[in-house]
Amino acid sequence: MAGRHRRPPEPEFPADADHRLRAIADQRPLVEEGVVLLPGSDHPYLYRTVYQPDGTVQHSLLRIDPGPSEPLESPEPPGE
């Protein structure tokens, strides 16, 4: 009687595998930048992801400070 064997699960690639492989294939960094609102936050963030040709990834996230609550007044033109 032959034993029953399960097929091993297919390997899952990281969600950013396309970008990593492109940087490796082109032998130059690939940069992705944008603005995002994180879940549960009402403050926008700038993000930057750099995929290096050696397969490493660098992530940067910077919170954007809100501007003034009141509009800024225009300075008086000189000479008036």
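Aspartate 26 and arginine 22 lie four residues apart in helix α1 (residues 17-26), so about one helical turn separates them. In this predicted model, local features require pLDDT of at least 70 and side-chain atom pairs count only at pLDDT 80 or more, while totals for chains, interfaces and linings use all residues. Residues are numbered from 1 along each chain as its sequence is written, and side-chain values use heavy atoms, with hydrogens and water left out.

Aspartate 26 and arginine 22 form a salt bridge, with their closest N and O atoms 3.5 Å apart. The term denotes a side-chain nitrogen of Lys or Arg within 4 Å of a carboxyl oxygen of Asp or Glu. By this rule there are three salt bridges, as listed below.

| arginine 20 | aspartate 16 | 3.0 Å |

Side chains of opposite charge can pair when their charged atoms come close. Solvent exposure is classed by relative accessible area: buried is under 20%, exposed is over 50%, and partly exposed is in between (1.4 Å probe, protein chains only). Aspartate 16 is buried because its relative accessibility is 14%, whereas arginine 20 is partly exposed at 29%. Aspartate 26, at 34%, is partly exposed, and arginine 22 is likewise partly exposed at 45%.

Arginine 48 is partly exposed at 39%, and glutamate 33 is exposed at 55%.

Helices (H or I, at least four residues) and strands (E, at least two) are DSSP runs, numbered from the N terminus. Of the 80 residues in the protein chain, 11% count as buried.

The three strands form an open sheet in the order β1-β2-β3, with antiparallel pairing. β1 and β3 are at the edges and have a single partner strand each, so one side of each lacks a neighbour in the sheet. From one strand to the next, the twist averages 15 degrees, where axes are lines fitted to C-alpha atoms, for helices over the stretch in contact, and angles run from 0 to 180 degrees between N-to-C directions. Strands are paired if DSSP finds at least two bridges between them. Eight bridges connect β1 to β2, and seven connect β2 to β3 (residues 57-63).

Threonine 49 of strand β2 is the bridge partner of glutamate 32 and stands opposite histidine 59 in β3. The side chains of threonine 49 and histidine 59 also make a polar contact of 3.5 Å. Such a contact is a pair of N or O atoms within 3.5 Å; within protein, one must be able to donate a hydrogen and the other to accept it, and residues adjacent in sequence count only if both atoms are side-chain atoms. Threonine 49 is buried because its relative accessibility is 8%.

The hairpin of β1 and β2 has six residues between the strands, and glycine 40 there adopts a positive phi near 80 degrees. In the loop between β1 (30-37) and β2 (44-51) lies serine 41, whose side chain reaches the backbone nitrogen of histidine 43 at 3.1 Å.
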